[in-house]
Amino acid sequence: MSQHRWLLAWCWLLLAAPSLAVDASLHIVATTTQAADLAQVLGAGVDGVHITPLMGAGVDPHLYQPTESDIAAMNRAQMVIYNGLRLEGQFDTVFAALAEQGVSVYALSAPVKSAGFVIGGFALSDELTDVDDPHFWFDPRNWQLAAQGLAERLARLDPVNATAYQANADAYSTQLQQLFAWAEAGLLSVEERQRYLVTSHDAFQYFGAAFGWQMQAIQGISTEDEAGVGDIQATVDFVLEHDIPVLFVESSVPPDTIEAVVAALRAQGHETRIGIRELYGDAMDAPDSFGGAYIGMLAQNALTIMQSYACMGAIATIPDWPADLLPEPPDELWNANCHA
């Protein structure tokens, strides 16, 4: 079935399915792992809030197509939370149909876009040549804006619990400030000439801008773009030019292209390795893991980068973890296995 016919079929199901949200509870559907985590944080301690995540750990949201059960869950919800900026590229028609039904459909990127903090100018195709980078959450300051924006939208939808949503957002904002300060101190401890992050696809522009690192990726901002031989060679040339010792695989992207670059570099006598752990890119880990919370995800990425560079002889000073920043990294993350 073509994508167009597939979307029409699901939208018919969406419009035909009866809404079951008739009680006093607030039923929220969140598309990505990041969106689900933020909804859980802001809804903590509020009676009657039920959150249904659609995408699981390691799922690529660029390619994910909503299932029949996803459509049914969104149709039962009063609110659907999503990233926006075309991250969930297969959902656009579904979101439009939901909004027509009166479901509150909210993009977490909206306040970041309104504040002018998105990074634009990317090309997805010959027709889409000035596209915004959707990976805004990799700057914790943007995630603070997303939290505040979501708290305001929840308060309008559920005014009885408005104070609780705002209090949760304020407390979380304080945590995100600590996270940013911790990560910035550690990542800036690496010498500036070595601060290059080479990854599978271009998901870390916001991360680099926030923490003073330069980015290079094999694929563009969407994993729908297929990497070719020219992309591989361009990355090889970039790594050689800047003498980059470490390349990173992402948890939601197959490692093939990075492995191809590493093989080509080693064939030319360049000493390089893949990072000691995968980086979380478009998706986080399972909800009950350290990397399954936004704070843990970003902290683990920062630790992985610092430790991987240290394993290759770079100076990287990892700051002590703030005493009241939760969740706390598990002990095994502090010890880098340079020989893995």
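An axis here is a line fitted to the C-alpha atoms of a helix over the stretch in contact, and an angle between two axes runs from 0 to 180 degrees between N-to-C directions. The model described is a predicted one.

## Two helix pairs

Start with α9 and α10. Helix α9 covers residues 229-242 and helix α10 covers residues 256-267. They pack at an angle of about 55°, and their axes lie 9 Å apart. α9 is therefore oblique to α10. The crossing of α9 past α10 is right-handed. On the α9 side, the contact is made by Ile232, Thr235, Val236, Val239 and Leu240. On the α10 side, Thr257, Ala260, Val261, Ala264 and Leu265 take part. By class, this contact of α9 with α10 has 8 nonpolar residues, 2 polar ones and no charged ones.

Now take α2 and α6. Helix α2 spans residues 33-43, and helix α6 spans residues 140-157. Their packing angle is about 60°, with the axes 10 Å apart. That makes α2 oblique to α6. α2 and α6 cross in a right-handed manner. From α2 come Gln34, Leu38, Ala39 and Leu42. They meet Trp143, Ala146, Ala147, Leu150, Ala151 and Leu154 of α6. The contact of α2 with α6 divides into 9 nonpolar residues, 1 polar residue and no charged residues.

The table sets out the two pairs.

| Helix pair | Angle | Axis separation |
|---|---|---|
| α9 and α10 | about 55° | 9 Å |
| α2 and α6 | about 60° | 10 Å |

Thr235 sits in helix α9. Is Thr235 buried or exposed? Its relative accessible area is 0%, so Thr235 is buried. Beyond its neighbours within four places in sequence, Thr235 is in contact with Val198, Gln216, Ala217, Ile218 and Val261. Val261 belongs to the α10 side of the helix contact.

## The disulfide

A disulfide is a covalent bond between the sulfur atoms of two cysteines. The count for this model is 1 disulfide. Cys311 and Cys338 form it, with an S to S distance of 1.9 Å. The torsion about their S-S bond is about -75°, so the disulfide is left-handed. The pair links distant parts of the chain, 27 residues apart. Cys311 is in helix α11 (residues 294-311), while Cys338 is in the segment after α12 (331-334).

The two ends fall into separate accessibility classes. Cys311 has a relative accessible area of 19%, and buried means under 20%, so Cys311 counts as buried. Cys338, at 28% relative accessibility, counts as partly exposed.

Asn301 is placed in helix α11. At 1% relative accessibility, Asn301 is buried. What does Asn301 touch, not counting residues up to four places away in sequence? The list is Phe138, Phe204, Leu279 and Tyr280.

Val190 lies in a loop, the one between α7 (162-187) and β5 (196-201). Val190 is buried, with a relative accessibility of 0%. Leaving out residues up to four places away in sequence, Val190 touches Arg195, Trp213, Ile315 and Ala316. Val190 and Gly212 are 22 residues apart in sequence, and their C-alpha atoms are 9.9 Å apart in space.

## Backbone features

Most residues other than glycine have a negative phi, and most peptide bonds are trans.

Which peptide bond is cis, with omega near 0°? The bond runs from Leu326 to Pro327. Pro327 is located in the loop between α11 and α12.

Leu85 has a positive phi, near 60°, in a residue other than glycine. Leu85 is in the loop between β3 (79-82) and α4 (92-101). At 18% relative accessibility, Leu85 counts as buried.

Asp243 is not a glycine, yet has a positive phi of about 55°. Asp243 belongs to the loop between α9 and β7 (246-247). Its relative accessibility is 54%, so Asp243 counts as exposed. Leu85 is buried, whereas Asp243 is exposed.

Notes. Residues are numbered from 1 along each chain as its sequence is written. This is a predicted model: local features need pLDDT of at least 70, side-chain atom pairs count only at pLDDT 80 or more; totals for chains, interfaces and linings use all residues. Side-chain values use heavy atoms; hydrogens and water are left out. Helices (H or I, at least four residues) and strands (E, at least two) are DSSP runs, numbered from the N terminus. Angles under 35 degrees count as roughly parallel, over 145 as roughly antiparallel, 65 to 115 as roughly perpendicular and the rest as oblique. A crossing is left-handed if the near helix is turned anticlockwise from the far one by less than a right angle, and right-handed if clockwise. Contact means heavy atoms within 4.5 Å. Ala, Val, Leu, Ile, Met, Phe, Trp, Tyr, Cys and Pro count as nonpolar, Asp, Glu, Lys and Arg as charged, and the others, Gly among them, as polar. A disulfide is a pair of cysteine sulfur atoms within 2.5 Å. Buried means under 20% relative accessible area, exposed over 50%, partly exposed in between (1.4 Å probe, protein chains only).
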